[in-house]
Amino acid sequence: MATAVLLAKRGIFVDLIDLDPAWKVSGAGITITGPTLRGYQRLGMLDDIKAHGAVTAKTSIFHFSGQWVRDLDELPLEEGVPAHGGIMRPVLHQLMQERVHAAKIPVRLGITVTALTPKPGGVDVMFNDGSNGTYDLVVGADSIFSGVRALAFPHAIDPPYTGQGCWRISCPKPPSLVHGEFYLGGDYPAGITQCSADDVYLWLLEPDAAHEHIPDEALPARLRALMAGFGGNAGWIRDQIHEGSVINYRPLKAAIQPMPWFNGRIVLLGDAAHATTPHLASGAGMAVESALVLDEELAVSGRQIEDGLAAYQARRFPRCKDIIESSIEIGRMQLRHAAPAEHTAFVDAALLRLAQSY
Ligand SMILES: Cc1cc2nc3c(=O)[nH]c(=O)nc-3n(C[C@H](O)[C@H](O)[C@H](O)COP(=O)(O)OP(=O)(O)OC[C@H]3O[C@@H](n4cnc5c(N)ncnc54)[C@H](O)[C@@H]3O)c2cc1C
């Protein structure tokens with residue numbers, strides 16, 4: 001949606017399709033880091049996120065038992081860009097949809113591509129509803145399981161499991177929570193992100209060598225058991241878990257796709273090209289940054305589209321590779337119970353690199 005809106009703003013006709021007939025996302029929250037907020041500011045959406053999500057200047061670290069350890073004072077990356085934030089995914093999706101509609105982009109739902117044939121100066125596209133068309137450019141921003149990638153990138157890899165699974169529960173804000181919180185030092189790293197004045201979500205990472213599917217009805221009891229030793233606001237959330245709680249569990253997968261990310265005038269973007277784990281909370285940020293960079297590189301006056309795609313890839317590959325490999329490494333450290341000082345130093349260094357301009 002970010003890419004579609006940016007291209008449409010420059011007067012380019014965009015045809016947007018999505019496989020999901022209901023065009024919606026899971027009820028979980030999402031953490032929006034400073035670099036991601038910087039990306040949303042450039043999309044012109046920072047005020048929307050401030051109004052409908054939550055932004056904070058600080059995160060507190062607690063021992064999982066609830067004992068306060070220290071505060072992380074997170075400095076804003078730029079004047080006017082908050083250090084940290086969160087929002088419920090359906091709210092963010094709705095805000096993005098409003099931008100798509102305001103840009104008068106036609107949207108076709110329940111649709112995917114069934115054949116992509118590159119040809120000089122364009123791509124012939126066949127859709128699953130029997131329609132077809134010829135386009136100057138096809139952007140495959142269609143998730144970690146990208147259908148565009150499967151059709152047009154034979155050298156691509158299936159993102160492998162990382163060995164951890166991520167739990168998320170959405171719930172009302174604990175009364176004493178004032179900003180983000182991390183709970184470390186136990187078997188299951190966890191954190192709470194505020195997503196609006198009244199809502200938060202809690203995430204928790206669990207070793208998952210079996211890549212297990214857990215039926216919905218088993219989720220509340222299992223999460224309650226994992227959080228048995230937690231104190232503080234995490235313990236408060238555990239005590240609110242009930243059979244109707246909005247809980248989501250996903251075994252994690254990640255991969256930087258090998259170059260090239262473009263085949264003629266078909267290009268991959270977002271999780272389709274650079275799917276990461278939540279350890280640096282940067283997947284959405286990387287997708288938005290990639291949209292901004294693709295738009296910038298295509299806008300260079302007098303440039304062929306193929307040259308713009310090569311420039312996009314050259315700018316995005318090293319940064320996305322660093323974020324993905326660092327995120328995977330943080331997960332490995334958690335699995336081997338690395339010393340807190342080693343863990344913190346690694347995360348701090350990765351966050352410093354992430355803060356640099358892209
Ligand atoms: C457990 C977990 C927690 C996470 N937490 C965070 C976090 O806190 N912060 C953060 O920044 N990131 C987080 N991420 C990562 C983030 O969710 C993704 O990086 C981000 O959603 C990628 O956006 P995308 O647009 O590339 O793909 P998606 O959000 O997956 O959107 C892809 C779209 O393409 C559509 N689609 C799929 N297949 C097809 C097809 N074949 N044809 C047509 N359309 C198709 C889908 O319906 C969807 O609308 C997390 C990820 C996980 C797994």
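Student: Which element gives the largest share of the shell around the ligand?

Tutor: Helix 9 does, with four residues. The model is predicted, so local features need a pLDDT of at least 70 and side-chain atom pairs count only at pLDDT 80 or more, whereas totals for chains, interfaces and linings use all residues. Residues are numbered from 1 along each chain as its sequence is written.

Student: What makes a residue part of that shell, and how many residues surround the ligand?

Tutor: A residue is near a molecule or strand if its C-beta atom, placed from the backbone, lies within 6 Å of it. In this model 24 residues surround the ligand, and the closest are Ser 143, Gly 147, Gly 270, Gly 283 and Ala 284. Strand 1 (16-18), strand 2 (29-33) and helix 9 (283-298) are the elements that give two or more residues to the shell, where helices (H or I, at least four residues) and strands (E, at least two) are DSSP runs numbered from the N terminus.

Student: Why is Lys 104 called exposed, and why is His 211 called partly exposed?

Tutor: A residue is buried if 20 or more other C-beta atoms, placed from the backbone, lie within 10 Å of its own, exposed if 12 or fewer, and partly exposed in between. Lys 104 has 9 other C-beta atoms within 10 Å and is therefore exposed, whereas His 211 has 14 and is therefore partly exposed.

Student: How do you know where the domains lie, and how many residues of each take part in their contact?

Tutor: The bounds come from an automatic or database domain assignment, which gives domain 1 (2-55 + 88-159 + 254-355) and domain 2 (161-252). The contact takes 17 residues from domain 1 and 21 residues from domain 2, two residues being in contact if their C-beta atoms, placed from the backbone, lie within 7 Å. On the side of domain 1 that touches domain 2, the largest share, four residues, comes from helix 10.
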